[in-house]
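Subject: Model handover

Hi,

Here is the model for you to look over. My notes on what was found follow below it.

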Amino acid sequence: MVEPVRLALFGAGGIGMRHLALAEEEPECVLVAVADPLAAAAPATGRYQARFYRDYRELLAREQLDGAIVATPNDAHAEVGIACVERGLPVLVEKPITDTVASARALLAAAAQHGAPLAVGHHRRFDPAIGVARDAIRAGRIGRLAAVQCLWALRKHDAYYDAEWRRMRPSGGPALINLIHDVDLLRYLCGDVVSVYAEGGSELRGHEVEDTVAATLRFASGAVGTIVASDATPSPWSWECGTGENPLIPPTGRNCYRFLGTEGALALPRLDLWRHDDGVPASWHATIRARTLAVGPRAALKDQLRHFCAVVRRERAPRVSGEDGLRTLATTLAIIESMDRGAPIVVETLQDSDRN
């Protein structure tokens, strides 16, 4: 049995508390301390063994650590992450890597300078269905990928937006908080996105950030895609509903992604593969049948934590590196930029620019 790695958690909000609960059960790590500026977070973390700090700098000065999980609001990811990597600590930073391209680059540079591994919390890549889907697409089981469709629609409770940062630019809004997960999975399964065009609105909630967005994507492979997302509309169609991965969101088991190829189609997260019978040429005249591909149990967030423990021990490289997280961030920011400007955006232009 390996010695448990000593971790600290920065940020005791919703996702932070899920990390804390999982770490409490994980034999490969011990979460020794939590930092959150809100005094109200202390009672919530009190039932765990971790010591509580209001100031993350004090935690870093006092504790002996092997690694850190950064789950603060988005606009603090860079500040806290840089403070950790400057001490040589491997870091798992929640998505998005940061809230701007410039701050993400600063975090990446600091991690490289101090030799600290940097992992980004796009935990859905650890869902077993994603590995099966990626292998199926790469093996040509649906032929050459032509298009992909993504739908994410949930009605967040109004109190969710009591936290001001969720209502404001640059850190808030469903594109950067939620849709970035879907953008990351599409990049992972379909390849990099080279350009986007998006329309969106904030009329339903009236916040500074969007509540609804529709985007078209062009991938480097030539495939195209669409994303429709809203956090103001009840529906059964989202990754959370389809998988049941979030214990706070009741599952529906419905697919929310559809991948269309020249020889068939694949729907996720159920992994429904649609094809003609073997030997039958692809044609709209031929019967098409579905089979559901086998997949193991889902525990993506838990598996991500276990993987990060291996990263801390320098046994593995991060599955989602800082550079990968930056590309997903740049693609998502391009969608937001396109909404604001009402014009197509070339993703590389945004990623390679020096603007925030």
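Helix α5 (residues 101–114) packs against helix α10 (residues 322–341) at an angle of about 180°. Their axes are 10 Å apart. Please keep in mind that this is a predicted model. An angle over 145 degrees counts as roughly antiparallel, so α5 is roughly antiparallel to α10. From α5, the contact is made by Val101, Ala104, Arg105 and Leu108. From α10 come Gly322, Glu323, Leu326, Leu329, Ala330 and Leu333. By type, the residues of this contact divide into seven nonpolar, one polar and two charged.

Next, the empty space inside. Rolling a probe the size of a water molecule over the atoms shows where such space is left. How many cavities of 30 Å³ or more does the count give? The count comes to one. The largest cavity holds about 50 Å³ of space. Its lining is made up of Leu92, Ala119, Val120, Phe126, Gln304, His307, Phe308, Arg319 and Val320. Two elements give two or more residues to that lining: β6 (118–121) and α9 (300–312). Which of the elements gives the largest share? That is α9, with three residues. Sorted by type, the lining of the largest cavity has six nonpolar residues, two polar and one charged.

Now the backbone. Two cis peptide bonds are worth a look on your screen.

- Lys95 and Pro96 are joined by a cis peptide bond, with omega about -15°. Pro96 sits in the loop between β5 (91–94) and α5.
- Leu268 to Pro269 is also a cis peptide bond, and omega is near 10°. Pro269 lies in the loop between β12 (264–268) and β13 (272–276).

Positive phi values turn up in residues other than glycine, including these:

- Leu271 has a phi near 65°. Leu271 is in the loop between β12 and β13, the loop that also holds Pro269. Is Leu271 buried or exposed? Its relative accessible area is 0%. Buried means under 20%, so Leu271 is buried.
- Arg314 is not a glycine either, and has a positive phi of about 65°. You will find Arg314 in the loop between α9 and α10.

To tie the places together: α9 gives three residues to the lining of the largest cavity. The loop with Arg314 runs between α9 and α10. Then α10 packs with α5, and the loop between β5 and α5 holds Pro96.

Best wishes

Key:
Residues are numbered from 1 along each chain as its sequence is written. This is a predicted model: local features need pLDDT of at least 70, side-chain atom pairs count only at pLDDT 80 or more; totals for chains, interfaces and linings use all residues. Side-chain values use heavy atoms; hydrogens and water are left out. On a 1 Å grid over the protein atoms alone, a cavity is a set of points where a 1.4 Å probe fits but cannot get out, and a pocket is an open set with protein on both sides within 12 Å along at least five of seven lines; lining residues have an atom within 4 Å of a point. Grid points are joined across faces, edges and corners, and a volume is the space filled by probe spheres set on the points. Helices (H or I, at least four residues) and strands (E, at least two) are DSSP runs, numbered from the N terminus. Ala, Val, Leu, Ile, Met, Phe, Trp, Tyr, Cys and Pro count as nonpolar, Asp, Glu, Lys and Arg as charged, and the others, Gly among them, as polar. Axes are lines fitted to C-alpha atoms, for helices over the stretch in contact, and angles run from 0 to 180 degrees between N-to-C directions. Angles under 35 degrees count as roughly parallel, over 145 as roughly antiparallel, 65 to 115 as roughly perpendicular and the rest as oblique. Contact means heavy atoms within 4.5 Å. Buried means under 20% relative accessible area, exposed over 50%, partly exposed in between (1.4 Å probe, protein chains only).
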